[in-house]
Amino acid sequence: MTIRAVVKGVGHYLPERIVENSEFEASLDTSDEWIQARSGIKRRHFAAEGERTSDMATNAAQAALADAGLEPDDLDAVIVATSTADFTFPSAATSVQSGLNMTSGFAYDVQAVCAGFVFALSTANAQILSGQAKRVMVIGAESFSRLMDWEDRATCVLFGDGAGAVILQAEQGEGSSDDRGILSVDLNSDGRHRGILYVDGGVSTGQTGYLRMQGKEVFRHAVEKLAQTAEVAMQKAGVSAEDIDWVVPHQANIRIINSTVKKMGVAPEKVVKTVQDHGNTSAASIPLALSVAKANGQIKDNDLIVTEAIGGGLAWGAIVLRW
Ligand code: ACO
């Protein structure tokens with residue numbers, strides 16, 4: 001018998017304000033046509049003034065608890081993947097804990113930018129497998145609109161805000177790839193590339209700063225590294241591309257998604273795509289996509305899923321799980 005971290009609930013939250021591509025045409029030399037052709041994005045949500053990352057995370061957590069039929073005190077831990085926590089400290093996760101009125105357990109943030117949810121899911125899985133926790137809420141939540149330089153058309157049209165949450169629970173498995181739950185994890189980072197995608201502010205500068213990106217370089221690394229990490233994760237899980245029911249990729253750019261999936265050898269109709277409606281929501285993009293795909297009937301119990309992401313660092317990874 002093997003312990004597995006099995007998904008018990010999923011939920012998401014998107015801020016009310018929807019910004020269509022055409023809104024950028026008023027202030028920037030850009031067009032709906034260019035944005036859609038180069039990124040696949042049609043619209044994104046932006047957080048309201050005063051609406052914080054931890055507020056969105058708490059809303060997503062409540063939706064996941066309702067989906068699982070659980071109460072906050074049924075959780076042992078809350079992990080929030082974010083690069084846009086409300087404050088330098090305390091963590092967004094402790095704000096979520098207080099927002100949920102949780103009176104026990106532990107909470108902390110994980111920061112691996114757009115790969116954050118994969119890293120956080122891996123951490124939660126490890127805590128469940130080690131017996132340290134039985135039920136863990138893993139949230140990806142971001143307000144990247146607060147990191148945008150609104151004069152930089154090459155970045156500010158690409159990102160959006162939102163949150164998604166997944167509850168993992170310890171269950172007995174057989175130790176085979178037929179088990180439900182997380183079957184394999186592959187994590188990587190290479191700090192030599194930290195200069196191609198970063199925020200030029202933080203504690204060392206005294207300002208929040210803006211996101212800076214060498215788009216073409218990020219694109220090149222993304223396709224190669226995502227296909228590779230997905231392949232390694234599938235090998236570790238003992239499954240092949242033909243076994244996969246759904247690829248749930250980080251939603252950064254439709255061209256990255258399509259090229260990666262082609263390299264992986266997975267059929268295009270097996271890919272969950274939300275980038276057109278959410279833009280790139282960084283660590284929130286995968287749990288948002290999982291929640292939307294479950295709600296619209298794409299993902300069903302026992303489906304075999306591979307999820308992969310890359311972000312600033314560079315940091316990247318993939319997870320194979322059976323829903
Ligand atoms: N509207 C119109 N033109 C634009 C815009 C815009 N919004 N943005 C850039 N351009 C122009 C450029 O200025 C350039 O003009 P020039 O030829 O006169 O210099 C031209 O379009 C081409 O620019 P490129 O950067 O070469 O365009 P490219 O085809 O590479 O597309 C993009 C740019 C969309 C950023 C692409 O490189 C990309 O998607 N890269 C990956 C970015 C990404 O996904 N990052 C996130 C992943 S990691 C994470 O999620 C944190």
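Guide: Let us begin with a definition: a residue is buried if its relative accessible area is under 20%, exposed if over 50%, and partly exposed in between, using a 1.4 Å probe and protein chains only. The model is predicted, so local features need pLDDT of at least 70 and side-chain atom pairs count only at pLDDT 80 or more, while totals for chains, interfaces and linings use all residues. Residues are numbered from 1 along each chain as its sequence is written, and side-chain values use heavy atoms, with hydrogens and water left out.

Visitor: Why is Phe-46 called buried?

Guide: Phe-46 has a relative accessible area of 6%, and the cut-off for buried is under 20%, so Phe-46 is buried. Trp-150, with 40%, is partly exposed.

Visitor: How many aromatic pairs are there, and what makes two rings a pair?

Guide: The structure holds three aromatic pairs. Rings of Phe, Tyr and Trp (its six-membered ring) pair if their centres lie within 6.5 Å, and planes under 30 degrees apart count as stacked, over 60 as edge-to-face and the rest as tilted. The ring centres of Phe-46 and Trp-150 are 5.6 Å apart and their planes stand at 65 degrees, so this pair is edge-to-face. Phe-46 belongs to strand β3 and Trp-150 to the loop between β6 and α5, so the pair ties together parts that are 104 residues apart in sequence; helices (H or I, at least four residues) and strands (E, at least two) are DSSP runs, numbered from the N terminus. Phe-106 and Tyr-108 form a stacked pair, with 6.2 Å from centre to centre and 5 degrees between the planes.

Visitor: How do you know that the charged end of Lys-225 sits over the ring of Trp-316?

Guide: The rule asks that NZ of Lys or CZ of Arg be within 6 Å of the ring centre and within 35 degrees of the ring normal. The charged end of Lys-225 is 5.2 Å from the centre of the Trp-316 ring and is counted as sitting over that ring.

Visitor: What span is expected of helix α6, and what span does it reach?

Guide: The expected span is 1.5 Å times one less than the number of residues. Helix α6 has 23 residues and reaches 32 Å from its first C-alpha to its last, close to the 33 Å expected. Its buried residues include Val-218, His-221 and Lys-225, and the buried residues of α6 pack against elements including β8, α7 and β13, where contact means heavy atoms within 4.5 Å.

Visitor: Why is the link between Asp-179 and Arg-4 called a salt bridge?

Guide: A salt bridge needs a side-chain nitrogen of Lys or Arg within 4 Å of a carboxyl oxygen of Asp or Glu. The closest N and O atoms of Asp-179 and Arg-4 are 2.9 Å apart, and the two form a salt bridge. The pair links distant parts of the chain, 175 residues apart, and both Asp-179 and Arg-4 are buried. Asp-301 and Arg-180 also meet in a salt bridge, at 3.7 Å from N to O.

Visitor: Is Asp-301 buried or exposed?

Guide: Asp-301 is exposed, because its relative accessible area is 53%, whereas Arg-180, at 29%, is partly exposed.

Visitor: How many salt bridges does the rule give?

Guide: The count comes to 13 salt bridges.
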